[in-house]
Amino acid sequence: MKRNNLISRKVEKLAPSGIRAFFDLVLGMEDVVSLGVGEPDFVTPWNIRETGIFSIEQGYTSYTSNKGLYKLRLIIHRLLKQRFGLNYCADEEILITVGVSEALDLAMRAIINPRDEIIIPEPCYVSYGPVVELAGGKAVNLPANQKDGFKITPQMLERACNKRTKGIILNYPSNPTGATYSHLELERLNKVCKKHKLLVISDEVYGDLTYDCEHVPYPTLKGAQDYTLYLNGVSKAYAMTGWRIGYACGPKPVIAAMTKIHQYTILCAAIISQMAACEALYSGKRSLEEMKREYRRRREFMYKSLNEVGLTCSKPQGAFYIFPQIDASGLGCLEFAGKLLEEQKVAVVPGAAFGSNYDNYVRMSYSTGYSQLNEAVVRIKSFMDRHKKNIKRK
Ligand SMILES: Cc1ncc(COP(=O)(O)O)c(C=O)c1O
């Protein structure tokens, strides 16, 4: 069959993920230390895996309610109430999804009319722009500077809003910088969101991984629960990326609209994974704290070591990423990542994957064992020594 309009124009226009394209190069190479992947190096804690196995043994092999297992929604309801005083109705205000990824896609398709604008602070997770565009909306990028800690200011947000602005996708702690917002910073941003009646899509998938401060969920801000879609999941906090469970909590009409799309396209998240997620959220706190302690230790090491070799970076406050500036190497991010892989076999992600203003940054993930990180730093040091000398010669 030959047809020149076979693929939709929207999809044809979409650039492939900068991360995936780069990691296709890594596949098949030996002795590579990868600081590229955005997932925990831990396996899912045993009690959670065992629950998955047990649910298969017990014959839990069916569909669940489209909204997800009631038991899981109830656990989420109780958790949010106990920890943050948030009250979400398990029946009408919580939806279980296939990861936060599906929740983001559903949210965009549920709220966007043609030409609606969604504000996306940058640098940001690679999916945000594409899910907005695929839903027929316009992604309005708002690049934040390192001097502001890679966080947007209320003034920036105010300038980006207009009659067509429907919402904003916030993500904190951030992928790729590890930056997070304080209560005061969020309150200031919230004034602007409220004034412009924005729906705040708050991606808090790293919310349990903060190291110096308490995480402040967006819907806990005064009045904000009414116009916030709170997204979270078990992928990062419980090392469960492959189980694919996320959840969305928000206003009834938004959850109902998302559920409509979800029931036609996905039906429900896998029952075995939902059972395992119940166990994670019910009794996974100890394993979470252990993993967090280890991430904190690695963060200290990476922050100190990278600054020592001339890759200046701010200290990440959460998640498991660090976003050094690479000016001292004299290379752009694509060249830096390409040469570092070729010469030293260390894989990092070029900053340009997270926004067009970040081609003098790279993202490194410290969800890699301590000895691997040590080895990576030794290799990065010789790489920097060589390239700094090249700059001097020029
Ligand atoms: C900021 C952010 N949101 C969402 C996701 C997707 O998470 P999930 O595995 O829950 O789909 C990721 C994965 O890297 C992420 O970094």
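**Exercise 1. Find the pairing between strands E11 and E12, and name a residue pair in it.**

Start with the model itself: it is predicted, local features need pLDDT of at least 70, side-chain atom pairs count only at pLDDT 80 or more, and totals for chains, interfaces and linings use all residues. Residues are numbered from 1 along each chain as its sequence is written.

*Step 1.* Locate E11 at residues 349–350 and E12 at residues 362–365. Strands here are DSSP runs (E, at least two residues), and helices are runs of H or I with at least four, numbered from the N terminus.

*Step 2.* Look at the direction: E11 and E12 run antiparallel and are joined by 2 bridges. Two strands pair if DSSP finds at least two bridges between them.

*Step 3.* Pick out a pair: Pro350 has Val362 of E12 as its bridge partner.

**Exercise 2. Which other strand pairs with E12 in the antiparallel sense, and are the faces of E12 covered or open?**

*Step 1.* Go to E9, residues 321–322, which pairs with E12 over 2 bridges, in the antiparallel sense. Here Ile322 stands opposite Met364.

*Step 2.* Recall that side chains in a regular strand alternate between the two faces of the sheet.

*Step 3.* Check each side of E12: Val362 and Met364 lie on one, Arg363 and Ser365 on the other, and these four residues are buried. Buried means 20 or more other C-beta atoms within 10 Å of the residue's own (exposed: 12 or fewer; partly exposed: in between), with C-beta atoms placed from the backbone. Both faces of E12 are therefore covered.

**Exercise 3. Describe how domain 1 meets domain 2.**

*Step 1.* Read the contacts (C-beta atoms, placed from the backbone, within 7 Å): 35 residues of domain 1 touch 35 residues of domain 2.

*Step 2.* Find the contributors on the domain 1 side: H2 (18–26), H11 (285–308) and E9 each supply at least two residues. H11 gives the most, with 7 residues.

**Exercise 4. How much of the chain is buried, and how many helices and strands does the chain hold?**

*Step 1.* Take the burial figure: 46% of the 394 residues are buried.

*Step 2.* Count the elements: the chain has 13 helices and 12 strands.

Note on methods. Two residues are in contact if their C-beta atoms, placed from the backbone, lie within 7 Å.
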